[in-house]
Amino acid sequence: MENLSRRKALSLAVALGLAGVASPARAWASTGSATGAATVADAAAGTGPEWIWDAAADPLLASMLENGQVPAINTAWASWVNNNDPLPSGLPAEFAAYLQQVNRLPSWADPAKLTRAADFNRRRDTYLFVLYGLGSGIMSTVIPREARNVYWSAGGANMQDRAAKTFTFGYDLAQLGAFEPTGQFVVTANKTRVVHAAVRHLLPQSPHWKAVTDEAVPISAADILVTFHSLGTYVYRKLLDWNIPFPAADQEAFLHSWQVAIALLGVPDEYIPQTWAEAEKQAAQVLTPILTPTDEGIALAEDLLGLTAQVDLGVTRGFLNEFVRYVLSDQVGDWLGLKRDYVSAALIRTAWPAFILFREGLSPVAPAAFYMFDQFVRALAMLFLNKGSSATTTPITIPTGNRPG
């Protein structure tokens, strides 16, 4: 049985374009981190990021929730959007002091790399929207802990709003000047970190979540790293597999933007991969082997794909199903019960590579489906930004409860 599981994990890793599976065990071994510090951790021994949550934010949010102060915080920080915005008035003093301490880039952040990453994101936004939206977004539904955490939290009951907030995180990260004073990502990341802390306090109070989870407390540093691999590491590998020009300097800058992003979410520096090789090695150990369907994940995937039907993407649901299969795998599509559309499958497998070649100036001939693909990507990019009504920001609010029973 163990060998069969290993073969399935290896097969899925190949389908997703990730590196070969080293071991199904959840081990965290690093020869280098974002700061260059080496670390070795083993979850079985009770060490490493699976046993790390957020010592700064967690007790603070527990106090804010228990004292009924969260609604006032949500009202006060609605106007706090840009990185250089002053902290709003009306925040509890203890909460304001916490934000004042964390609302800054890590000391090792490289402004030149972050600027290059922003330019790379602008040049590659077509592929990033597709891979983040239909690749990483749907992959999250077959990451059991993530799917169950999302489903049973308050956000799981309103997936349009939940998806908008998730999309805003990636959208703000990809914007020109994301980390500069006039950008929004540092604020977005710190609001997201606070939301994580609130969920850590709230979800253990849900009997529904407790009945299905294998965690006592959700969203450990390990869980955040798994999510990073389903986003950054997955996209990095797909861009290479699609033969999209990806110079070494762009690769390094793209990684650095993600290193800073997950540091802002509270992941200790020593567990943040220093290189893409290290990231792929870690992903092969802790992401690919755990992918599997759950009742919650199947429901979330249907919700997410159903949301796209609300906007005229110029495509059918069968096309969406097949694009998910194309960017993830047929195995994931089968897990989620995505009905086959073999005409769309043939179109995607022939026209999408031609679309890439034409967009990259590597072919003078535009595929017949060029316009359809172009409009599809544009509509997908805007879909979740504040329910399609805003191209600038989606309000992030702290929950005060879980999904209703």
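The model is a predicted one, in which local features need pLDDT of at least 70 and side-chain atom pairs count only at pLDDT 80 or more, while totals for chains, interfaces and linings use all residues. Residues are numbered from 1 along each chain as its sequence is written, and side-chain values use heavy atoms, with hydrogens and water left out.

To start with the big picture, the protein chain has 18 helices and two strands; these are DSSP runs numbered from the N terminus, with helices being H or I of at least four residues and strands being E of at least two. Of the 405 residues, 56% are buried, where buried means under 20% relative accessible area, exposed means over 50% and partly exposed falls in between (1.4 Å probe, protein chains only). Take the contacts (heavy atoms within 4.5 Å) between residues at least 6 apart in sequence: 75% of them join residues at least 24 apart.

Now for the helix pairs. Helix H4 (residues 93-102) and helix H9 (residues 185-202) have axes that come within 11 Å and cross at roughly 130°. That angle makes H4 oblique to H9. Axes here are lines fitted to C-alpha atoms, for helices over the stretch in contact, and angles run from 0 to 180 degrees between N-to-C directions; under 35 degrees counts as roughly parallel, over 145 as roughly antiparallel, 65 to 115 as roughly perpendicular and the rest as oblique. The H4 and H9 crossing is right-handed, meaning that the near helix is turned clockwise from the far one by less than a right angle, with anticlockwise giving left-handed. On the H4 side the contact uses Phe-95, Tyr-98, Leu-99 and Val-102, and on the H9 side Asn-190, Arg-193 and Val-194. Sorted by class, that is five nonpolar, one polar and one charged residues, with Ala, Val, Leu, Ile, Met, Phe, Trp, Tyr, Cys and Pro counted as nonpolar, Asp, Glu, Lys and Arg as charged, and the others, Gly among them, as polar.

H6 and helix H11 (residues 221-241) pack at about 130°, their axes 10 Å apart, so H6 is oblique to H11. This crossing of H6 and H11 is right-handed. H6 brings residues including Tyr-127, Leu-131 and Met-139 to the contact, and H11 brings residues including Leu-231, Tyr-234 and Lys-238. The H6 contact with H11 has nine nonpolar, three polar and one charged residues.

Thr-126 also sits in helix H6 (residues 125-139) and counts as buried at 7% relative accessibility. Its side chain makes a polar contact of 3.2 Å with that of Arg-359; such a contact is a pair of N or O atoms within 3.5 Å, and within protein one must be able to donate a hydrogen and the other to accept it, with residues adjacent in sequence counting only if both atoms are side-chain atoms. Beyond neighbours within four places in sequence, Thr-126 touches Phe-355, Arg-359 and Val-377.

Glu-360, in the loop between helix H17 (342-359) and helix H18 (370-383), is buried at 18% relative accessible area. Leaving aside neighbours within four places in sequence, Glu-360 contacts Arg-124, Tyr-127, Ile-244 and Pro-245.

Most residues other than glycine have a negative phi. Ile-219, though not a glycine, has a positive phi of about 55°, and Asn-243, also not a glycine, has one of about 60°. Ile-219 counts as buried at 12% relative accessibility, whereas Asn-243 counts as exposed at 62%.
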